Amino acid sequence: MSKSAEHAEAKLKILALHGYRQNADSFKGKLGSFRKFVSKYAEFVFVSAPHSAPPIEAGTEPDPTQRGWWFNKEDRTFKGTNVGGPAYGFEESLKLVEKTWEAEGCHGLLGFSQGACFAGLLCDLSARGMTTIKPQFALLASGFRSGSLVHLNYYENKVQIPSLHIFGETDEIIPKDMSEALAETFLEPEVVTHPGGHYFPAQATMKQMYVDFFRDQLQHYLEAKELQNATEENSFHVANEAAPETDQQVDGSDSDSD
């Protein structure tokens with residue numbers, strides 16, 4: 001296969017992390033138009049959080065389709081604006097996404113709301129060598145910094161991978177200043193706002209922005225892959241060129257012993 005043909009078929013694989021009370025299937029459904037926009041450049045791996053979110057109304061049965069990555073209140077619920085609370089279930093979720101990342105061979109992260117908060121934490125952990133996940137880029141929609149006590153020191157150093165941050169000007173669940181604060185933890189964040197609230201925007205007017213971002217990330221990935229292949233090929237040739245010289249030395253020592 002020629003390089004041009006290989007590049008034409010190449011796509012990024014992106015691990016997609018849903019919001020609180022969503023799951024892999026519901027998030028995939030909500031991103032239908034968005035996925036079509038970037039289908040030439042990217043494919044997505046959707047995974048459901050391992051924890052069932054408690055029922056909204058006390059005394060009712062929990063809905064098994066409503067999932068959460070961790071809980072930051074003592075009653076084992078989650079609220080993005082909560083500060084200083086626990087992070088119940090975080091380690092289990094970390095192990096799940098690490099396993100999925102490795103099994104699927106992913107390149108980047110996409111997250112919405114709690115999933116975007118989680119993705120931000122994963123980027124920081126990766127930068128410090130504290131997870132097997134190595135994202136090359138991240139797209140974070142309606143994201144925010146985790147207020148859980150154990151996560152407060154996660155944002156001390158700037159994350160250096162490319163990042164696209166999207167949030168609504170009128171978001172009442174995660175106010176835009178919280179999303180701005182997460183973007184500021186990245187070295188050179190690309191920030192885009194929309195006039196709406198708490199949702200992942202996929203209007204036709206935003207299509208080109210998404211296409212540009214993923215096209216650029218795919219180009220960077222392919223260039224890095226070519227460089228790696230060239231380096232490995234060069235190392236192979238150098239080793240082969242050295243081989244005859246080694247054989248001569250062996251032959252010489254044999255003749256000396258005779």
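Reader: Happy to start. How many helices and strands does the protein have, and how much of the chain is buried?

Author: This is a predicted model, and the protein in it has seven helices and eight strands. Of its 258 residues, 46% are buried. Among contacts between residues at least 6 apart in sequence, 75% join residues at least 24 apart.

Reader: Now the interior. What should I expect of nonpolar side chains?

Author: In soluble globular proteins, they tend to be buried together. Here the largest nonpolar core holds 37 residues, and Leu15, Leu17, Trp70 and Val97 touch the most other members. At least two residues come from each of β1 (12-17), β2 (42-47), α4 (90-104), α5 (114-127), β6 and α6 (176-183). The element that gives the most is α5, with eight residues. Another core, of 32 residues, lies apart from it and includes Phe34, Ile166, Met206 and Leu222.

Reader: Which residues does leucine 17 touch?

Author: Not counting residues up to four places away in sequence, leucine 17 touches a list that includes Phe27, Val47, Trp69, Val97, Phe112, Phe118 and Leu122. The C-alpha atom of leucine 17 is also separated by 7.6 Å from that of serine 48, 31 residues apart along the chain.

Reader: Where does serine 48 lie, and is it buried or partly exposed?

Author: Serine 48 sits in the loop between β2 and β3 (51-52). Its relative accessible area is 29%, so it is partly exposed; the cut-off for buried is under 20%. Beyond four places in sequence, its contacts are His18, Asn23, Ala24, Arg67, Trp69 and Leu96.

Reader: And serine 148: where is its place, and is it buried or exposed?

Author: Serine 148 is also a loop residue, between β6 (138-141) and β7 (163-168). It counts as buried because its relative accessibility is 1%. Leaving aside neighbours within four places in sequence, serine 148 is in contact with Trp70, Asn72, Gly85, Pro86 and Ala87. Trp70 is one of the residues that touch the most other members of the largest core.

Reader: Last one: what volume does the largest pocket have, and which residues lie nearest its centre?

Author: The largest pocket has a volume of about 360 Å³. Its lining has 17 residues, of which Tyr20, Phe78, Lys79, Gly80 and Ile173 lie nearest the centre. By type, the lining divides into six nonpolar, seven polar and four charged residues.

Technical notes: Residues numbered from 1 in each chain as written. Predicted model: local features only at pLDDT ≥ 70, side-chain atom pairs only at ≥ 80, totals over all residues. Heavy atoms only, no water. Helix = DSSP H or I, 4+ residues; strand = E, 2+ residues; numbered from the N terminus. Buried < 20%, exposed > 50% of the residue type's maximum accessible area, 1.4 Å probe, protein only. Contact = heavy atoms within 4.5 Å. Core = buried A, V, L, I, M, F, W, Y, C linked by side-chain atoms within 4.5 Å. 1 Å grid on protein atoms, 1.4 Å probe; cavity = no way out; pocket = protein on both sides within 12 Å on 5 of 7 lines; lining within 4 Å. Points joined across faces, edges and corners; volume = space filled by probe spheres on them. Nonpolar A, V, L, I, M, F, W, Y, C, P; charged D, E, K, R; others polar.
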